[in-house]
Amino acid sequence: MDYYNWDDGLAVPTAVATHPACDLAIALKLFWLAEGQFWHDPNVEVDAYNFQHFNFCTMIEGRIISGFYEVGRLSHTQNFNKAVIYKLEKSGFPEILYKPVVGRE
């Protein structure tokens, strides 16, 4: 998904996110590649041009937060510095979305 052209639509990312083999690391990768944090800005409004992106991001975020995805063999880290983590914590951003995931052996 690192090389996916997101301008081609959300069918492929949605298929990956809804596949039974999708684990927490992959879901988090998709969330950040889709820039899901964008929807946490109270000044952003959903409109005819971005509603599909909003739906994808809220779907995957909701699944991550609810525990839908299990920790699998893959790991994921966003490598945020301490200042970014502080800002995320201060804003109440869900911790599960930015904390590293260590895959199991």
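Me: What is the volume of the largest pocket?
Reply: This is a predicted model, in which local features need pLDDT of at least 70, side-chain atom pairs count only at pLDDT 80 or more, and totals for chains, interfaces and linings use all residues. Residues are numbered from 1 along each chain as its sequence is written, and side-chain values use heavy atoms, without hydrogens and water. A pocket is an open set of points on a 1 Å grid over the protein atoms alone where a 1.4 Å probe fits, with protein on both sides within 12 Å along at least five of seven lines; points join across faces, edges and corners, and the volume is the space filled by probe spheres set on them. For the largest pocket, that volume is about 270 Å³.

Me: Which residues that line the largest pocket are the closest to its centre?
Reply: Lining residues have an atom within 4 Å of a point. The largest pocket has 13 of them. The closest to the centre are Gln 37, Lys 87, Leu 88, Ser 91 and Phe 93.

Me: How many residues in the lining of the largest pocket are nonpolar?
Reply: Ala, Val, Leu, Ile, Met, Phe, Trp, Tyr, Cys and Pro count as nonpolar, Asp, Glu, Lys and Arg as charged, and the others, Gly among them, as polar. The lining has four polar and two charged residues. Its nonpolar residues number seven.

Me: How many aromatic pairs does a search of the whole structure find?
Reply: Rings of Phe, Tyr and Trp (its six-membered ring) pair if their centres lie within 6.5 Å. The search of the whole structure gives a count of 10.

Me: Is the pair of Phe 31 and Phe 93 stacked, edge-to-face or tilted?
Reply: Planes under 30 degrees apart count as stacked, over 60 as edge-to-face and the rest as tilted. Phe 31 is in helix α2 and Phe 93 in the segment after α4, 62 residues apart. Their ring centres are 6.4 Å apart and the planes stand at 50 degrees, so the pair is tilted.

Me: Is Phe 93 buried or exposed?
Reply: Buried means under 20% relative accessible area, exposed over 50%, partly exposed in between (1.4 Å probe, protein chains only). Phe 93 has 7% relative accessibility, so it counts as buried.

Me: What is the angle between the planes of Trp 32 and Phe 93?
Reply: Trp 32 lies in helix α2, so this pair ties together parts 61 residues apart in sequence. The centres are 5.9 Å apart and the pair is tilted. The angle is 45 degrees.

Me: Is Glu 35 buried, partly exposed or exposed?
Reply: Glu 35 is found in the loop between α2 (24-33) and α3 (51-66). Its phi is positive, about 55 degrees, although it is not a glycine. At 47% relative accessibility, it counts as partly exposed.

Me: Is Asn 79 buried or exposed?
Reply: Asn 79 is found in the loop between α3 and α4. Phi of Asn 79 is positive, near 55 degrees. Its relative accessibility is 66%, so Asn 79 counts as exposed.

Key
Helix = DSSP H or I, 4+ residues; strand = E, 2+ residues; numbered from the N terminus.
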